[in-house]
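Let us follow a few pairs and see what they join.

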Amino acid sequence: MTVTAVRKDPQALSLTLDAEFDASPERVWQLWADPRQLERWWGPPTYPATVTKHELRPGGRVEYHMTGPEGDQPHAYWDVEEVDPPRSLVVSDGFANEDGSPNTDVPMNQFRVTIEEIGAGRTRMSIVNTFPSTEAMEQLIGFCMEEGLTQAVGQIDAILAEDAVARAGAPRT
């Protein structure tokens, strides 16, 4: 399985997910940088994402919604703070109303993605969510954030396996 660890730290107000992949850091970065690839894994299998805006640059915004099994569509956005391809990404993560405006009933959090090579052809990706307060952490984790993130990242191996199949089928020159 892709996900190697999930840790909650109430003192640090953080939730950390670590995953490892049989891919280069550049390939793992593309899972974030390409909105069509991001849609294939961001969101648990029962709540797939549709990315409607993708400005992955400092000061940019990523907007998306997920579609649930009952047709519900929670909206969310990232305000992009830092981008260092293929090594890291920092965003402020929030829920949105249907018109794209921030839903202030739900607290924001920040997450930092780090991507690092850990050996020949293997990469570790860590996602560290930090929360502004204990109450915010409890509320967001209460929305099944831990399970949803684990399920979402768990879909990446299948995407990367398609790369291997495509390479195997490519004519040799």
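E55 counts as partly exposed, at 26% relative accessibility. In this predicted model, the E55 side chain meets that of K53 in a salt bridge, 4.0 Å from N to O. K53 is also partly exposed, with 30% relative accessibility.

Now turn to R61 and D79. Their side chains form a salt bridge too, at 2.8 Å from N to O. R61 belongs to strand β4 (residues 61-66) and D79 to strand β5 (residues 75-84), so this pair ties together parts that are 18 residues apart in sequence. Is R61 buried or exposed? R61 has 17% relative accessibility. The cut-off for buried is under 20%, so R61 counts as buried.

Some salt bridges share partners. Through them E20, D22, E116, R122 and R124 are joined into one network.

Look at one contact among these residues. The side chains of R124 and E20 meet in a salt bridge, 3.4 Å from N to O. Which strands hold the two residues? R124 lies in strand β8 (residues 122-130), and E20 lies in strand β2 (residues 14-21). The pair therefore ties together parts that are 104 residues apart in sequence. R124 counts as partly exposed, at 26% relative accessibility.

Why can such pairs form? Side chains of opposite charge can pair when their charged atoms come close. How many salt bridges does the whole structure hold? A search finds 14. The pairs R124 and E20, E55 and K53, and R61 and D79 are among them.

How values were computed. Residues are numbered from 1 along each chain as its sequence is written. This is a predicted model: local features need pLDDT of at least 70, side-chain atom pairs count only at pLDDT 80 or more; totals for chains, interfaces and linings use all residues. Side-chain values use heavy atoms; hydrogens and water are left out. Helices (H or I, at least four residues) and strands (E, at least two) are DSSP runs, numbered from the N terminus. Buried means under 20% relative accessible area, exposed over 50%, partly exposed in between (1.4 Å probe, protein chains only).
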